[in-house]
Amino acid sequence: MSTNAALFERAQRAIPGGVNSPVRAFKAVGGTPRFIARAQGAYMWDAEGRRYIDYIGSWGPMILGHGHPEVLEAVQKAALDGFSFGAPTEREIELAEEILKLVPSAEQVRLVSSGTEAAMSAIRLARGFTGRSKLIKFEGCYHGHADALLVKAGSGLATFGHPTSAGVPPEVVQHTLVLEYNNVEQIEQAFAEVGGEIACVMIEPIAGNMNFVRASVPFMTRLRELCTQHGALLVFDEVMSGFRVALGGAQSLYAQQISGFTPDLSVFGKVIGGGMPLAAFAGPAKIMAQLAPLGPVYQAGTLSGNPVATACGLATLKVIQRPGFFESLTQRTQSLVQGLVGAAQQAGVPLVGDSQGGMFGFFFADSLPQHYQAVMAHGSDKFNRFFHAMLDRGVYLAPAMYEAGFVSDAHTEQDIADTVAAAAQALG
């Protein structure tokens, strides 16, 4: 039997940093990454045979838990017919139709293989449709690792960004403006200064990459008004929140509170693939018609609409539409967050939490942060100690305080109770 430490040492010789996605390296929290051997339901087992209650869920896709029998059956059947064809299949039409049925703001959808690819393509489409170059994003929102999005704010409000990654030339991000999340004044000033040049505003409506932070209703209302007024497209990045916080995604929640609300383009991933590499971007037919082969905006992918991935995603979407699914998932997630907050109160430790559907977050703070700088102000040392104390007790949380957590349909009331009991010990 290999140990986690031995595997990590071996991995670092063959793979940069020993991982194929940086957060997996445990650099934020310290210690040795757990190498996962298998998973089933709400649990994962590492290479040493240790079982963990899993609150990562592959960073969101595993809304049904690992190895759901109906999803497994669909994937196995699809695999027998062939892994990839590089040609159209009926199943990709079925998946597109299923997504469109659940997302009233969209009339057409293009399937791709990753959230990064979907977000990058949505920005290109917005620029092609509007004929403009500039885009707005918000500090703390992550939309994948496309060059134009690897940027942080400059020194002034309307100062365009500079790269946060080596290998990204400054001229690539010169058209990207980074503003503070939930700051109405900044978005108003930005549109006042360069509104006629803005192709799109891209936002995570519920940000899962600064833990769990919601866009306020007044902020979202004003954002929609300004985009409409200036002819910019509002792009919802629902790679994480789509079909996870509600059946219709986060946009369905805002539509309930803002009359007539819809985004112009939507980006999806994670849940729509059920754990397979699959993502999508969607919008009205008049915008989507700009895509090749109909229009001048080019986008292509050999594995787009992959027959095995679409089988996995379609089976997942079918299950989550069953009566009572989201009510039950929401109740369990709320129970977890309430339990964590209660355990912290008993231990005299400041902690607040929030959740929506099967997505949650918590902060070692007295109130919920509303933007990235407020998130950064709260102690990572406390989180890191808590993370390892929970890991030692068989609970696998995200190995960084800036990541949201996920509950699945496979988590039982006993799993929640065991997690809260572990938290009570750790916080004590």
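User: What volume does the largest cavity have?
Analyst: About 90 Å³. Bear in mind that this is a predicted model.

User: How many cavities of 30 Å³ or more does the structure hold?
Analyst: Three cavities reach that volume.

User: Back to the largest cavity: which lining residues are closest to its centre?
Analyst: Phe-362, Ala-398, Glu-403, Ala-404 and Gly-405, out of 13 residues that line the largest cavity.

User: Which strand gives the largest share of that lining?
Analyst: Strand E16, residues 359-363, which contributes three residues.

User: And what is the lining like by class?
Analyst: Nine of the lining residues are nonpolar, three are polar and one is charged.

User: New topic, the open sheet. What is the order of its strands?
Analyst: The seven strands run E4-E14-E13-E12-E9-E5-E8, and the pairing is mixed.

User: Why is one side of E4 and of E8 left without a neighbour in the sheet?
Analyst: Because E4 and E8 (176-179) are the edge strands, and each has a single partner strand.

User: What does the twist average from one strand to the next?
Analyst: The average is 20°.

User: Which strands does helix H5 touch?
Analyst: H5, residues 184-194, packs on the sheet and touches E5 (134-138), E8 and E9 (198-203). The direction of H5 makes about 175° with that of E5.

User: And where does H7 pack?
Analyst: Helix H7 (residues 249-257) also packs on the sheet, where it touches E12 (233-238) and E13. Its direction makes about 125° with that of E12.

User: Let's look at E14. Is that strand mostly covered or uncovered?
Analyst: Mostly covered: E14 spans residues 279-283, and five of its five residues are buried.

User: Which residues are on each side?
Analyst: Ala-279, Phe-281 and Gly-283 are on one side, with Ala-280 and Ala-282 on the other. Both faces of the strand are covered.

User: How many bridges join E4 to E14?
Analyst: Five, and E4 (residues 108-112) runs antiparallel to E14. One of the pairs is Val-112 with Ala-279. Ala-279 is also among the buried residues of E14.

User: What about E13 and E14, parallel or antiparallel?
Analyst: Antiparallel, over three bridges, with E13 covering residues 265-268. Ser-266 stands opposite Ala-282, and Phe-268 has Ala-280 as its bridge partner. Ala-280 and Ala-282 are the two buried residues listed together on one side of E14.

Key. Residues numbered from 1 in each chain as written. Predicted model: local features only at pLDDT ≥ 70, side-chain atom pairs only at ≥ 80, totals over all residues. Heavy atoms only, no water. Buried < 20%, exposed > 50% of the residue type's maximum accessible area, 1.4 Å probe, protein only. Helix = DSSP H or I, 4+ residues; strand = E, 2+ residues; numbered from the N terminus. Pairing = 2+ DSSP bridges. 1 Å grid on protein atoms, 1.4 Å probe; cavity = no way out; pocket = protein on both sides within 12 Å on 5 of 7 lines; lining within 4 Å. Points joined across faces, edges and corners; volume = space filled by probe spheres on them. Nonpolar A, V, L, I, M, F, W, Y, C, P; charged D, E, K, R; others polar. Axes fitted to C-alpha atoms, helices over the stretch in contact; angles between N-to-C directions. Contact = heavy atoms within 4.5 Å.
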